[in-house]
Amino acid sequence: MDEGEAVAEVERDIGGILIMAKANLLDRAIAAVAPRAALRRVAARHAFDIATRGYDGAARGRLNGSWRTPNTSADAEVGASSQLLRDRMRDLVRNNPYAANALSVLVTHAVGAGIVPRSKDKAVNKLFAEWAKQCDADGHLDFHGVVSLTTSEMLEAGTGMVRRRRRRAEDGLAVPLQLQVLEVDHLDGTKNGELGNGRRASYGVEYDLIGKTTAYWLFPNHPGNAFLTSSTSTASVAIAAQDVAFAFVKQRAGQTQGVPWGHAAIRKLYDLDTYEEAEIVRKKIEACMVGVVVGGDDTGGVGLPLGAEEVAGVYDADGNIVEKFAPGMLYHARGGKDIKFTQPANTANYDSYKNSMLHTIATGFRVPHAFLTGRLDKVNYSSSKIGLETYKRIIDALQWKVIIPMICQPLWEWFCEAAYFAGKIKSRAVPVEWSPPRFPSADEAKDIAARVTAMRSGLLNPLVAIAETGYTPDEVIEGYVEWNKILDEKGLIF
């Protein structure tokens, strides 16, 4: 048998593994008398290296044995946790100032005064401006308020929903259409499995055979309403998908609904809350300075009648045993050899710990630390500029990947469809461009100068620049016309 046949036989013995390991001195010594055995040693060592090679993050051991990582789908994970996640996030937004501020900051930067739609048809723009003031089914908000509320719901609860409400022509609206913002609690999360005719549902979202969303199973009333009675319908009904704008941040393929934006910081916020409560209690105890008079008297002590049975303890001036101390009080101790009081330790690193936790929470909410806390004492121009650039890209992605395609565009299409069938416009599909609000500047003068240069060089469309301020170009131009007319009438020249 030649050398090639020997290698082939060894490879068959070890499963065809390509031998790439280096031979050591012992292997070479064995090879001098038994080449085949030496080759097997080298190949076996190489096979062992391959079998034991892997990622440290996937290693199992004593230190990470409690790390549970189930291989579940996005729907299984979100569906099992979504209700508790949004309940906890809502509680934090109600009661925790940092959570409330983080949500407000995100909505303000993502929507602001409004994401302005702009069509090339001025008649459509004028009709939309009129309808935007009447579009809220609850009668409280305009179009930009509806978008802002839906975005807030999406960030706080994970999913934002708007339902299309068609109206009659005699209702007196500019366009017979209104919008109803719904909380995701209306979605029937128990609706799962096969529905017949090739349809299936996953946590309240219905799909057809090819996986297209066809309907949402919604409760007619919020399940958490206090006024629900036995006569109130609690059964969910299927609402066609084209009548619901359903917005959430999709993080995994196959995901049906979203999770709160700051879900990764929920535990940290709760821990910080409980830590601060413990710190407040410690401070109260630390400040609770009292005076204790030791040593009894012949009358059995202050407040005790002569001959009364004396029980060891601390008493107030009325002879009542004390179980709770209040600052500035004077107590009497009797019947004991020694009385000791707790001595709370002073925590000198409280501020540094809290600041570190708030950095972690800010990261979980994906907002700058200064925006979360309102503390600008440690921010300079350079650091704020870098932080704002990163944060701006996060907001840009949220606007253009979620808010505009999932909320704004469906609402615009509903408006155009309703206006078309009402005979108000000539086309059912009207192209539109969206202009989100301009991001706040750390140096307004420099940034405006840069934008002027960009417009003059043709790199920035002036119409887009105007729309980013929250106004439509038509409004600004008409304002100029009106202003110049007033100046002409008054004979003023500036």
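## Exercises on a predicted model

In this predicted model, an open sheet is built from five strands in the order 4-5-6-7-8, and their pairing is antiparallel.

**Exercise 1.** Work out which strands are the edge strands of this sheet.

*Solution.* Begin with the order of the strands, which reads 4-5-6-7-8. An edge strand pairs on one side only, and this holds for strand 4 (193–196) and for strand 8 (237–240). Going from one strand to the next, the twist averages 35 degrees. Within the sheet, strand 5 (residues 199–202) and strand 6 (residues 205–207) pair in the antiparallel sense over three bridges, and the bridge partner of arginine 200 in strand 6 is tyrosine 207.

**Exercise 2.** Decide how helix 4 is oriented relative to helix 5, and name the residues that make the contact.

*Solution.* The axes of helix 4 (residues 74–95) and helix 5 (residues 97–110) come within 5 Å and cross at roughly 100 degrees. Because angles of 65 to 115 degrees count as roughly perpendicular, helix 4 is roughly perpendicular to helix 5. Helix 4 contributes Leu92, Val93 and Asn95 to the contact, while helix 5 contributes Pro97, Ala99, Ala100 and Leu103. Sorted by class, this contact has six nonpolar residues, one polar residue and no charged residues.

**Exercise 3.** Describe the largest pocket and find which element gives the most to its lining.

*Solution.* The largest pocket has a volume of about 840 Å³ and is lined by 29 residues, with Pro117, Asn125, Thr472, Pro473 and Asp474 nearest its centre. Strand 1 (116–118), helix 6 (122–132) and helix 14 (473–490) are the elements that give two or more residues to the lining, and helix 6 gives the most, with six residues. By class, the lining has 13 nonpolar, six polar and 10 charged residues.

Methods:
Residues numbered from 1 in each chain as written. Predicted model: local features only at pLDDT ≥ 70, side-chain atom pairs only at ≥ 80, totals over all residues. Heavy atoms only, no water. 1 Å grid on protein atoms, 1.4 Å probe; cavity = no way out; pocket = protein on both sides within 12 Å on 5 of 7 lines; lining within 4 Å. Points joined across faces, edges and corners; volume = space filled by probe spheres on them. Helix = DSSP H or I, 4+ residues; strand = E, 2+ residues; numbered from the N terminus. Nonpolar A, V, L, I, M, F, W, Y, C, P; charged D, E, K, R; others polar. Axes fitted to C-alpha atoms, helices over the stretch in contact; angles between N-to-C directions. Parallel < 35°, antiparallel > 145°, perpendicular 65-115°, else oblique. Contact = heavy atoms within 4.5 Å. Pairing = 2+ DSSP bridges.
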